[in-house]
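Here's a protein chain to explore together. Have a look at the model first, and then we'll walk through a few of its parts.

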Amino acid sequence: MTTGRSQVSRPLAGVRVVEVSSFVASPLCGLTLAQLGAEVIRVDPTGGAADVHRWPLTDDGTTSIYWTGLNRGKKSITADLRSPDGQELIRRLVVESGCGGGILVTNAAGRDWMSHETLAALRSDVITVELCGLSDGSPAVDYTVNAGIGFPMITGPLDHAGPVNHVLPAWDVICGLYAAVSLTAAVRKREHSGDGSRIRLALEDTALSIAGTLGYLTEPQVNSTSRPATGNDVYGTYGTDVTTADGDRFMIVALTARHFRDLVRITGTDGVVGALERSLDVDFTTEADRFTHRDVLNALFRTWFANQPTERVAELLEESSVLAQRYRTFDEVVASGALAANPLFTDLDQPGVGTYLAAGLPAGFDGEHFAAGPAPTLGADTPTWADDPDTP
């Protein structure tokens, strides 16, 4: 696999992280750190954690595409985490790992034998990042946290009365990235002060923070009202889905007055839109009026799109400023060649899976997206680390 620059040129080269984790948030934190150059050692119980065989699997059912995807570029050891010897091995791996080590990331918080206090007694500058479920430390997963925040109640078709879950584990993903940012900040702090850090990050707090920042939790407090469900319409501006004469669907968004003017122009609806502005006494150059009167605009534009072939629609949208994209399946994205054309992706030869295009770090450093090597075989590095946790 092509990995671009050597590990020593990456921002976190020389940092060593021990990751005792499973599922999404914590492993994603470790993957992000590995892409940035850190040496990440994933620790699993003997036989693997609960996610080692998580779907999707390869066609022969032997390898988890999910597990290998989240653990690229890491080392792997296994240990009996219930035994004193196994617990002592993990503690040594954390505290005896040189000046760039002394770092633990885990979503198995609440275990005294690897708590921050226990590790800090052995190494004063230790950094621990503990990911948990609810704000009070009790267990939760993305889907249960999401249910308790409010988003499912405004997601889905307007004629659907019940909640609709999103399929992307958004809070897991955001939590994992927050964990990576927080750990990097703690490393920076330690370099300047010599002090360690105990970082606690709850999945629920991640969701609450984002919901509050984007106003979903602020509106009920200051306006005494909740955000309404809008289906596929974009809240607060003009954006909706349209269907062509060929049955293909596009998402179109007109965030600015220029976008909207172009949408009106390519659909040839100048006269009708002008008449609507006069009869409704509105100004469609403003987002508020476009959103408030979206139903009448939707009816107008959807009628035009429904009478146009997909190829024509794509051409007109491409030459305009309107923000648009045709809805595609994952299969269509891969078949389009977009991955091969994007420098974010490089060939990865993953044992048990095969060769495929794998994404590197989305952020480009001086034009380069740092990639991670293949995921290890579960426990592949156990003999080395069991003998000497400080082995490079």
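Which residue stands opposite Asp347 in strand 11? That's Leu357. Strand 11 (residues 354–359) runs antiparallel to strand 10 (residues 345–350), and six bridges join them; strands count as paired if DSSP finds at least two bridges between them. The two make a hairpin with three residues between them, and Gly352 in the turn has a positive phi of about 90 degrees.

Some ground rules: this is a predicted model, where local features need pLDDT of at least 70 and side-chain atom pairs count only at pLDDT 80 or more, while totals for chains, interfaces and linings use all residues. Residues are numbered from 1 along each chain as its sequence is written, and side-chain values use heavy atoms, with hydrogens and water left out. Helices (H or I, at least four residues) and strands (E, at least two) are DSSP runs, numbered from the N terminus.

Now zoom out. The domain bounds come from an automatic or database domain assignment, and here's what that gives:

| Domain | Residues |
|---|---|
| Domain 1 | 16–212 + 342–369 |
| Domain 2 | 238–326 |

Taken over C-alpha atoms, the centres of domain 1 and domain 2 are 42 Å apart.

Next, the greasy bits. A nonpolar core is a set of buried Ala, Val, Leu, Ile, Met, Phe, Trp, Tyr and Cys residues joined through side-chain atoms within 4.5 Å. Buried means under 20% relative accessible area, with exposed over 50% and partly exposed in between (1.4 Å probe, protein chains only). The largest core has 33 residues, and Val17, Leu33 and Leu183 touch the most other members. Helix 6 (170–193) is one of the elements giving two or more residues to this core, and its seven are the largest share. Not counting residues up to four places away in sequence, Leu33 touches Leu12, Val17, Ala38, Val40, Ala180, Leu183 and Thr184. A second, separate core of 22 residues includes Phe260, Leu276, Phe284 and Trp304.

Is His116 buried or exposed? It's buried, because its relative accessible area is 14%. His116 lies in helix 4 (residues 116–122). Its side chain makes a polar contact with the side chain of Thr128 (2.8 Å). Leaving aside neighbours within four places in sequence, the residues in contact with His116 (heavy atoms within 4.5 Å) are Val126, Thr128, Glu130, Ser197 and Arg198.

Definitions and conventions:
Polar contact = N/O pair within 3.5 Å; in protein donor to acceptor, adjacent residues only side chain to side chain.
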